[in-house]
Amino acid sequence: KLTDKIIERSQHFLKSGLSSFDALHLACAENHADVFLTVDDRLLERAQKISDCKIKINNPLVWLKEVL
């Protein structure tokens, strides 16, 4: 369910340079997951620059090396 909080965060992510789909995807993950994994290098680079993001963002292979 899209809450006002998710919509507000996705608008913040849009202003940070993410596409509308990526901004919404990240905002939803921020509210429902512990980590956001992506192989999209462009998204990864931009999302990691968002200083107030409340979720860890990583490449799946890098993340896997960290947790094993």
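The model is predicted, so local features need pLDDT of at least 70 and side-chain atom pairs count only at pLDDT 80 or more, while totals for chains, interfaces and linings use all residues. Residues are numbered from 1 along each chain as its sequence is written, and side-chain values use heavy atoms, with hydrogens and water left out.

**Helix 1 against helix 2**

- Helix 1 (residues 4–15) and helix 2 (residues 20–32) pack at about 130°, and their axes sit 8 Å apart.
- Helices here are DSSP runs of H or I with at least four residues, strands are runs of E with at least two, and both are numbered from the N terminus.
- The axes are lines fitted to C-alpha atoms over the stretch in contact, with angles running from 0 to 180 degrees between N-to-C directions.
- That angle makes helix 1 oblique to helix 2; under 35 degrees would be roughly parallel, over 145 roughly antiparallel, 65 to 115 roughly perpendicular, and the rest is oblique.
- On the helix 1 side, the contact (heavy atoms within 4.5 Å) is made by Lys-5, Ile-6, Arg-9, Ser-10, Phe-13 and Leu-14.
- Helix 2 answers with Ser-20, Ala-23, Leu-24, Leu-26, Ala-27, Cys-28, Glu-30, Asn-31 and His-32.

**The nonpolar core**

- The largest nonpolar core has 15 residues, and Phe-13, Leu-18, Leu-26, Phe-36, Cys-53, Ile-55 and Ile-57 touch the most other members.
- Such a core is a set of buried Ala, Val, Leu, Ile, Met, Phe, Trp, Tyr and Cys residues joined through side-chain atoms within 4.5 Å.
- Skipping neighbours within four places in sequence, Phe-13 is in contact with Leu-18, Ala-23, Leu-26, Ala-27, Glu-30, Ile-50 and Cys-53.

**Asn-59**

- You'll find Asn-59 in the loop between strand 2 (56–58) and helix 4 (60–67).
- Asn-59 counts as buried because its relative accessibility is 16%; buried means under 20% relative accessible area, exposed over 50%, and partly exposed in between, with a 1.4 Å probe and protein chains only.
- Not counting residues up to four places away in sequence, Asn-59 touches Leu-37, Thr-38, Val-39 and Leu-44.

**Val-35**

- Val-35 is part of strand 1 (residues 35–37) and is partly exposed, at 22% relative accessible area.
- The C-alpha atoms of Val-35 and Asn-58 are separated by 7.6 Å, although the two are 23 residues apart along the chain.
- Leaving aside neighbours within four places in sequence, Val-35 is in contact with Ile-55, Lys-56 and Trp-63.
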